[in-house]
Amino acid sequence: RWNKICKEASEQSKRIDIPEITNVKTLKELENIEGLKIVCSTKEKDNTIKNYLKKNNCYNKINIVIGPEGGISPKEEEYLNSIGFKSISLGENIMRVETVPMYVLSVINYENM
């Protein structure tokens, strides 16, 4: 479903590259994943996605963990941090889970222009 949405949105905006959304993975499966590693946090206040992308602008793959409604548990976030994921803030407002990917992709697109 998400890949279909990405394809249609890319076509509508005349985007050449279509973002690839892979299957949902368990936390354990994320341990050896390569690329920039981001976890969307409701606890983090200072490290915004915009600032993090500016500081880490050399990447060819971005892995983003988005929690369910209510956010990721503290234990899950600690585990993700221990395997190299950086907690980032999406701002003051808590968004709906289906809104977060579009917001994150918009910020990535803006920062990479």
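Colleague: Where is Gly35 found, and between which elements?

Modeller: This is a predicted model, in which local features need pLDDT of at least 70 and side-chain atom pairs count only at pLDDT 80 or more, while totals for chains, interfaces and linings use all residues. Residues are numbered from 1 along each chain as its sequence is written, and side-chain values use heavy atoms, with hydrogens and water left out. Helices (H or I, at least four residues) and strands (E, at least two) are DSSP runs numbered from the N terminus. On that basis, Gly35 is found in the loop between helix 1 and strand 1 (36-40).

Colleague: Is Gly35 buried, exposed or partly exposed?

Modeller: Buried means under 20% relative accessible area and exposed means over 50%, with partly exposed in between, for a 1.4 Å probe and protein chains only. The relative accessibility of Gly35 is 39%, which falls between those limits, so the class of Gly35 is partly exposed.

Colleague: Which residues is Gly35 in contact with, leaving aside its neighbours within four places in sequence?

Modeller: Contact here means heavy atoms within 4.5 Å. Lys86, 51 residues away in sequence, has its C-alpha 12 Å from that of Gly35. Once neighbours within four places in sequence are left aside, the contacts of Gly35 are Lys61 and Asn63.

Colleague: How is Asn63 placed, and which residues is it in contact with beyond four places in sequence?

Modeller: Asn63 lies in strand 2, and its relative accessibility of 9% is the reason why Asn63 counts as buried. Leaving aside neighbours within four places in sequence, the residues in contact with Asn63 are Ile33, Glu34, Gly35, Leu36, Lys37, Ile38 and Phe85.

Colleague: What separates the C-alpha atoms of Tyr59 and Gly35?

Modeller: Tyr59 has its place in the loop between helix 2 (49-55) and strand 2, and at 22% relative accessibility Tyr59 counts as partly exposed. Its contacts, with neighbours within four places in sequence left aside, are Leu36, Leu53 and Asn112. Tyr59 and Gly35 are 24 residues apart along the chain, and the separation of their C-alpha atoms is 6.4 Å.

Colleague: Which side chain makes a polar contact with that of Ser87, and at what distance?

Modeller: Ser87 lies in strand 3 (residues 86-88) and is buried, because its relative accessibility is 9%. A polar contact is a pair of N or O atoms within 3.5 Å; within protein, one must be able to donate a hydrogen and the other to accept it, and residues adjacent in sequence count only if both atoms are side-chain atoms. Leaving aside neighbours within four places in sequence, Ser87 is in contact with residues including Val39, Ser41 and Asn81. The side chain that makes the polar contact with Ser87 is that of Glu77, at 2.7 Å.

Colleague: How many disulfides does the structure hold?

Modeller: A disulfide is a covalent bond between the sulfur atoms of two cysteines, and the criterion applied is a pair of cysteine sulfur atoms within 2.5 Å. Cys40 counts as buried at 11% relative accessibility, whereas Cys58 is exposed, with a relative accessible area of 77%. The number of disulfides in the structure is zero.

Colleague: What is the volume of the largest pocket, and which residues are the closest to its centre?

Modeller: On a 1 Å grid over the protein atoms alone, a cavity is a set of points where a 1.4 Å probe fits but cannot get out, whereas a pocket is an open set with protein on both sides within 12 Å along at least five of seven lines, and lining residues have an atom within 4 Å of a point. Grid points are joined across faces, edges and corners, and a volume is the space filled by probe spheres set on the points. The largest pocket holds about 1500 Å³ of space. Of the 38 residues that line the largest pocket, the closest to its centre are Glu20, Ile21, Thr22, Ile62 and Ile64.

Colleague: Which element gives the most to the lining of the largest pocket?

Modeller: Ala, Val, Leu, Ile, Met, Phe, Trp, Tyr, Cys and Pro count as nonpolar, Asp, Glu, Lys and Arg as charged, and the others, Gly among them, as polar. By these classes, the lining has 21 nonpolar, nine polar and eight charged residues. Helix 1 (2-12), strand 2 (62-65) and helix 4 (100-111) each supply at least two of the lining residues. With five residues, the element that gives the most is helix 4.
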